[in-house]
Amino acid sequence: MSRILSGIRPTGTLHLGNYLGAIQQWIELQTKHDVFYMVADLHAITTPYKPEELQNNIRNTVLDYLAAGLDPEKATIFVQSHVPEHSELMWLLGTITPVGELQRMVQFKEKSEQHKDFNQAGILNYPILMAADILLYKAMSVPVGDDQNQHVELARDLAKKFNREYGQTFPEPKAILTSGKRIMDLADPEQKMSKSLGGGIGLNDSPEEIAKKLKKAVTSSEPKVIRDAMHAAQNSHRATIDAWTGDPNLLKQFHGVRNLFTILFAVADRDTAVKWQTAAEDGTLKFSEFKPALAKAIADHFALFRERREVLASDTAHLDEIIADGAVKASIAAKQTLTEVQQKMGLR
Ligand code: TYM
């Protein structure tokens, strides 16, 4: 039974990318491993936010975790800032982190570009905190989407460096990535789905909202684009992408259709998936029929989520209890590692 840690920033309702990239695997992993899933509130304050909304967003993220199927009996669910050891280990790891490594992080470059008037050290130091989150629990595996992989690699480099300089302490963590590791925006399939873009599907969206958003999804009328994109969603075959890189328009259509098939394969039952796979193969697929069918498959997949979330939201005492219990459990593991690190570094 290996240790697993992951987290999500509480910046609003979770979207399909968060679910297919991360949470879907979190749920599977909780039955077989020792799992820690946190709400990364300290990471959420590295870009502009409203303090008066933060508590609500944190609680809503925990509700989303529970509604998605995380079980507090199996998983330790907690809020990052409730365990102050995260910040302390971050400081200690900062003493072995090369600044150049932080500056070459893709997310740092994107975020400092995006928030030019909020370009603070927090955005630069973000991956050190993430490494501290992972190493504090001596996690071996980190189920995340593609965009966080580089940060997990830095955590692994820091683990190796710490072990070299101060003696064997940390396992070398690795990201766990799935076929849903990079879900794209429906309307702009060259951008990853995010909380800020318009073409994202929220886990709590009603069936009508989902259908409306799918209407705007980029598709193609080229049977070969459709077939190649479906194959790419099936087995991530790079060669099929290369055929479309010469034409920006067809490439965009390819990304759009591949994304829709990636989502379909992740949420639909087998018969539905096979039906559309065959249509794409035969060149008979009509998006006027496919889009409503995919919308229904998504809405059905999250029907239980919507139901559970409504029930859970009405019991605030139960939620408080889960959050408090999680902090106690996480603190036990965190204190142990921090003391060991302090001793090895000569601070104790
Ligand atoms: P965050 O809050 O941006 O995203 C949470 C998780 O969702 C994944 N994700 C996606 N996966 C597929 N397609 C997408 N379009 C998509 N958008 C987001 C992310 O990869 C992530 O797994 N820094 C992290 C939170 C964090 C963390 C950690 C994660 C803090 N400490 C320690 C793992 C371990 C973040 O901002 O994720």
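First a term: buried means under 20% relative accessible area, exposed means over 50%, and partly exposed is in between, with a 1.4 Å probe and protein chains only. By that cut-off, 49% of the 348 residues of the chain are buried.

Some housekeeping. This is a predicted model, where local features need pLDDT of at least 70 and side-chain atom pairs count only at pLDDT 80 or more, while totals for chains, interfaces and linings use all residues. Residues are numbered from 1 along each chain as its sequence is written, and side-chain values use heavy atoms, with hydrogens and water left out.

Now the chain. It has 16 helices and five strands, taken as DSSP runs numbered from the N terminus, with H or I of at least four residues for helices and E of at least two for strands. The C-alpha trace spans about 70 × 50 × 45 Å along its principal axes. Contact means heavy atoms within 4.5 Å; of the contacts between residues at least 6 apart in sequence, 78% join residues at least 24 apart.

Next, the ligand. There are 28 residues around the ligand, and those that come nearest are Arg9, Tyr126, Asp133, Asp147 and Ile183; a residue is near if one of its heavy atoms lies within 4 Å. For polar contacts, the rule is a pair of N or O atoms within 3.5 Å; within protein, one must be able to donate a hydrogen and the other to accept it, and residues adjacent in sequence count only if both atoms are side-chain atoms. The side chain of Arg9 has an N or O atom 2.7 Å from a ligand oxygen, and for the side chain of Asn18 the distance to a ligand oxygen is 3.1 Å. Ile183 uses a backbone N or O atom, 2.8 Å from a ligand nitrogen. The protein covers 98% of the 710 Å² of accessible area that the ligand has on its own, by the Shrake-Rupley method with a 1.4 Å probe.

Last, Thr169. Where does Thr169 lie? In the loop between helix H8 (149-166) and strand E5 (174-176). Thr169 counts as buried because its relative accessibility is 6%. Beyond four places in sequence, Thr169 is in contact with residues including Lys138, Phe162 and Glu340.
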